[in-house]
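Here is a friendly walk through one model. Please keep the sequence and the 3D view open as you read.

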Amino acid sequence: ASNHCAAGPKHVVAEIERLTAVIRFLNVPDDVQVSGPYGHAPGTARGKFIVDLMTKCWPLLDSISLHLKDFNSVEKLCRLHKYCLKICSAEAYKPLIENLRSHLVRNYKHSKQSPYLYAASNCVSVYGSDPSCAQLLTEMICELGQISFESLKSMEDLRNHPDVIEELFFLGDKMIQCCPQSFIPCPMFLPFLQCAAVGMKLDHRDANRGTLAFLDSVFSFGLTLHGNGNVNGNSGVSHNGCNQPLEHAVAQEGKHITNNIILALIGELPLYRIACDNGSIAGILFKLFNLCPGMLLEWVQEPLLKVPETEKSMLMNSLTQKNSRDIFFSTCERFVSVCSRRQKMGI
């Protein structure tokens with residue numbers, strides 16, 4: 001350990017991979033006695049060993065991680081954290097979650113590498129349903145978001161970092177799904193929505209998928225609030241404080257998002273996902289209409305000025321007649337096909 005700073009990157013990565021292999025393939029019999037909060041459930045002896053091992057290794061990992069700047073090396077480190085979270089129970093690994101949060105934020109600030117965002121998403125997947133971790137996770141995404149947005153100041157910045165866009169918005173998507181009650185009221189939610197409204201214009205399949213997944217989850221959650229009033233999540237956590245900040249954010253960014261949706265449908269912006277269950281252009285438009293029909297009908301008018309009356313009526317009628325989602329999806333697919341054919345024919 002004393003020579004780790006002098007070791008080359010290949011040696012450091014090899015040591016991380018060796019530790020990952022130990023974590024993945026370690027076999028500790030369940031009848032081994034364990035102490036602490038681990039109980040006697042199957043696999044707890046293995047979980048305790050991993051937690052003890054990672055606790056002892058943490059100072060070294062913190063130190064060497066500052067020397068990891070390329071994507072592949074960072075990915076190896078985050079893969080180690082992924083397997084620790086996957087193999088240990090959430091309760092067993094909980095004593096290390098604060099260290100892990102600080103580790104990910106500090107290293108992401110240092111390197112701006114997207115695997116740290118993916119590792120943060122893994123943390124949310126494991127601990128997002130635990131009310132006692134909601135504040136920590138929200139602070140984590142706020143810090144990661146702040147670091148990201150300081151570097152993503154122009155469309156060119158977004159184009160140069162599509163992997164960051166992808167993972168940042170999958171992280172936001174995971175937060176909306178797991179602990180919206182703490183994320184939506186926080187000051188960083190609106191900047192996420194603003195950046196997603198710009199990021200959905202990127203001509204990059206995975207980055208586009210991340211932004212659309214985030215937007216889809218935001219509007220799905222809005223419909224949940226709108227349809228059920230004072231909603232509680234699966235964990236019994238109240239979502240009452242989400243209404244006002246969500247309505248404010250949608251009112252502020254909804255027109256921009258709607259404009260980009262219509263431009264994608266008529267072929268002026270990238271269109272990778274027309275209609276599917278989650279994270280599609282048609283799906284987001286359908287949910288936006290059900291969430292705020294009056295505002296949406298106003299927002300679509302300007303971008304639809306570019307569309308011939310026949311095609312415009314096709315889309316508008318499908319919205320205003322409140323067709324089922326499947327019928328609306330089919331209409332959007334026909335709309336895209338007709339618009340594409342007109343573009344190719346130059347009419």
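Thr320 sits in helix 16, which covers residues 309-320; helices here are DSSP runs of H or I with at least four residues, strands are runs of E with at least two, and both are numbered from the N terminus. With a relative accessible area of 41%, Thr320 is partly exposed. Buried means under 20% relative accessible area, exposed over 50%, and partly exposed in between, using a 1.4 Å probe and protein chains only.

Which residues does Thr320 contact, leaving aside its neighbours within four places in sequence? They are Phe289 and Leu297, where contact means heavy atoms within 4.5 Å. The C-alpha atom of Thr320 is 8.6 Å from that of Pro293, and these two residues are 27 apart along the chain.

## About the model

This is a predicted model, in which local features need pLDDT of at least 70, side-chain atom pairs count only at pLDDT 80 or more, and totals for chains, interfaces and linings use all residues. Residues are numbered from 1 along each chain as its sequence is written, and side-chain values use heavy atoms, with hydrogens and water left out.

## The protein as a whole

The secondary structure comes to 17 helices and zero strands. Along its principal axes, the C-alpha trace spans about 70 × 45 × 35 Å. Of the 347 residues, 50% count as buried. Among contacts with a separation of 6 or more, 71% come from residues 24 or more positions apart.

## Helix 1 beside helix 3

Two packed helices are described by the angle between their axes and the distance between the axes. Helix 1 (residues 9-25) and helix 3 (residues 71-87) pack at about 15 degrees, with axes 9 Å apart. Axes are lines fitted to C-alpha atoms, for helices over the stretch in contact, and angles run from 0 to 180 degrees between N-to-C directions. Helix 1 and helix 3 are therefore roughly parallel; angles under 35 degrees count as roughly parallel, over 145 as roughly antiparallel, 65 to 115 as roughly perpendicular and the rest as oblique.

On the helix 1 side, the contact includes Val13, Ile16 and Leu19, and these meet a set in helix 3 that includes Leu77, Leu80 and Tyr83. By class, the residues of this contact divide into nine nonpolar, two polar and four charged. Here Ala, Val, Leu, Ile, Met, Phe, Trp, Tyr, Cys and Pro count as nonpolar, Asp, Glu, Lys and Arg as charged, and the others, Gly among them, as polar.

## Helix 2 and its kink

Helix 2 (residues 44-65) has a kink of about 50 degrees at Cys57, shortly before the proline Pro59. The bend at a residue is the angle between axes fitted to the seven residues ending there and the seven starting there. Cys57 is also one of the buried residues of helix 2, among them Ile50, Val51, Met54, Trp58 and Leu61. The cover over the buried residues of helix 2 includes helix 1, helix 3, helix 4 (90-93), helix 5 (97-111) and helix 6 (115-127).

## Helix 14 across helix 17

Helix 14 (residues 281-291) and helix 17 (residues 325-345) cross at roughly 125 degrees, and their axes come within 10 Å. That makes helix 14 oblique to helix 17. Ala282, Gly283, Leu285 and Phe286 in helix 14 meet Arg325, Phe328, Phe329 and Cys332 in helix 17. This contact of helix 14 with helix 17 has six nonpolar, one polar and one charged residues.
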